[in-house]
Amino acid sequence: MHQDMGKDSLTITDNRTGKQYELPIEHETIRAMDLRQIKVNAGDFGLMTYDPAFLNTASCKSSITYIDGDKGILNYRGYAIEDLADHADFLEVAYLLLEGELPNPVERDAFVNEVKVHTFVHENVKQFMEGFRYDAHPMSVLISTIGALSSFYPEAKGSQEYAVRRLQIIRLLAKMPTIAAWSYRSSRGLPYVYPDNDLSYTGNFLSMIKRMSEPKYKPDPILERALDVLFILHADHEQNCSTNTMRNVGSSQADCYSAVTAAAAALYGPLHGGANEAVLKMLHSIGSKDKIPDYIRRVKAGEVRLMGFGHRVYKSYDPRAKAIKRLSEQVFEVTGKNPLLDIALELERIALEDDYFVSRSLYPNVDFYSGLIYEAMGFRTEYFTVLFALPRVAGWLAQWNELVQDPEQKIARPRQIYLGSARRPYPVKSAR
Ligand code: CMC
């Protein structure tokens, strides 16, 4: 029993024993470990919570990203995502996520230069990437290649000095566009283009994607800015499936290349970062506006999902989806309108009026419109998740950096409710 807890406490009566317990409430949360004192007898393990898929469990304290899912609010380090998308660039946002504050001009230039120093990869990485089958999915190539980086930087293993950790962070941020672009080139059978450090982070990425025989690639400033804004919008999203994976793997003191590999693998799934690819496949399969009612019928019958709709946390319009919808207008001015936009707009209109979606608070999420922009910019659907993973590395690394400095964190190790058979004798062969 805690003394003088006042109102910030929870009183629990265990009806099995009639005993009462008072648990402190801090940050609107009780500590799961405080439940372990609730026992039927001294030999009892103590009470646990059961929370499959972490619907109501805080796994960490974090100061990086804030989401209010009911109000549709997303902040990085206290700054509204809309303001960052309007005024910052991706590397400033990466710095903000990692360091906690926006860089001043001197810090910004130093950070940009640090990143530029590390954009090239070891030539063996290139050979490694050339070993994939011609039709390998770019996400498979990306995931495997990030994992391979771990073998180039053995100093990244185990607990580290801040300087060692920071060097790996810079390396990963810097090499992601190179590896991501090369995963694209390899899936198209195109020669790899080396980084051009005269260009911006996003401009260099576009150069490695698009450049052919021209001596210097000049990105279209509107498309370069649009992609940079998309990178900002995807940079972090607190404790989602892939970030939780990053923290889980990082908690064993595995190196950050291995942890990012695992996080990227989690992102690959169609319910997470793979949804943007799934949205485009869905829009192509619907094909025309007159087929929408039938698709909605199948969604409501539980046969298919409306990809790009719904979110575990947002129960209103995803603020990233709003920003992307606005951005799409600027992009389509340059690229021409994606013909699938009309199907997407009509799907959204019908869904937002339909009781099935309204009653379940299903709104467009970040993936609903992003694919339309990517497609208009010339990216194939199977490449979309790579475009999500590239900037999300900044968030994963910021979360990992926070984790390793958190004195309360240990190796992640959930409990289970065992429902299998009790110990039993091994049957002798003749009795089987
Ligand atoms: N289409 C149709 N019904 C849906 C959808 C959807 N997209 N999403 C949720 N529902 C229904 C679901 O069937 C359930 O209905 P009922 O209560 O009748 O069983 C109810 O809404 C609650 O769904 P849930 O699956 O319990 O919700 P969740 O929080 O576990 O899932 C989600 C969240 C994002 C996985 C889910 O909404 C989904 O599958 N959406 C489509 C995939 C997608 O767009 N993913 C991208 C998410 S945002 C970016 C990211 O995380 O990477």
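Helices α16 (366–376) and α17 (residues 384–405) are roughly perpendicular to each other (angles of 65 to 115 degrees count as that, under 35 as roughly parallel, over 145 as roughly antiparallel, and the rest as oblique). Keep in mind that this is a predicted model, where local features need pLDDT of at least 70, side-chain atom pairs count only at pLDDT 80 or more, and totals for chains, interfaces and linings use all residues. Residues are numbered from 1 along each chain as its sequence is written, and side-chain values use heavy atoms, with hydrogens and water left out.

1. Let's start with that pair. The axes of α16 and α17 cross at roughly 110° and come within 10 Å (axes are lines fitted to C-alpha atoms, for helices over the stretch in contact, and angles run from 0 to 180 degrees between N-to-C directions). D367, G371, Y374 and E375 of α16 touch F384, L387 and F388 of α17 (contact means heavy atoms within 4.5 Å).

2. Now look at α17 with another helix. α6 (residues 162–188) packs on α17 at an angle of about 170°, their axes 9 Å apart. That makes the two roughly antiparallel. On the α6 side the contact includes Y162, R165 and I169, and on the α17 side it includes W400, N401 and V404. By class, this contact has 15 nonpolar, three polar and one charged residues (Ala, Val, Leu, Ile, Met, Phe, Trp, Tyr, Cys and Pro count as nonpolar, Asp, Glu, Lys and Arg as charged, and the others, Gly among them, as polar).

3. Next comes α13 (residues 319–335), whose 17 residues should span 24 Å at 1.5 Å a residue; its end C-alpha atoms are 24 Å apart, which agrees (the expected span is 1.5 Å times one less than the number of residues). Among its buried residues are P319, I324 and F332 (buried means under 20% relative accessible area, exposed over 50%, partly exposed in between, with a 1.4 Å probe and protein chains only). The buried residues of α13 pack against several elements, including α8, α16 and α17. Just after α13, G336 has a positive phi of about 90°.

4. On to the strands (helices are DSSP runs of H or I, at least four residues, and strands runs of E, at least two, numbered from the N terminus). β1 (residues 9–14) and β2 (residues 19–24) pair antiparallel over six bridges (strands pair if DSSP finds at least two bridges between them). D14 has K19 as its bridge partner, and G18 in the turn has a positive phi of about 80°.

5. β3 (residues 65–68) and β4 run antiparallel, joined by four bridges. T65 partners Y76. Four residues lie between these strands in the hairpin, where G72 takes a positive phi near 70°.
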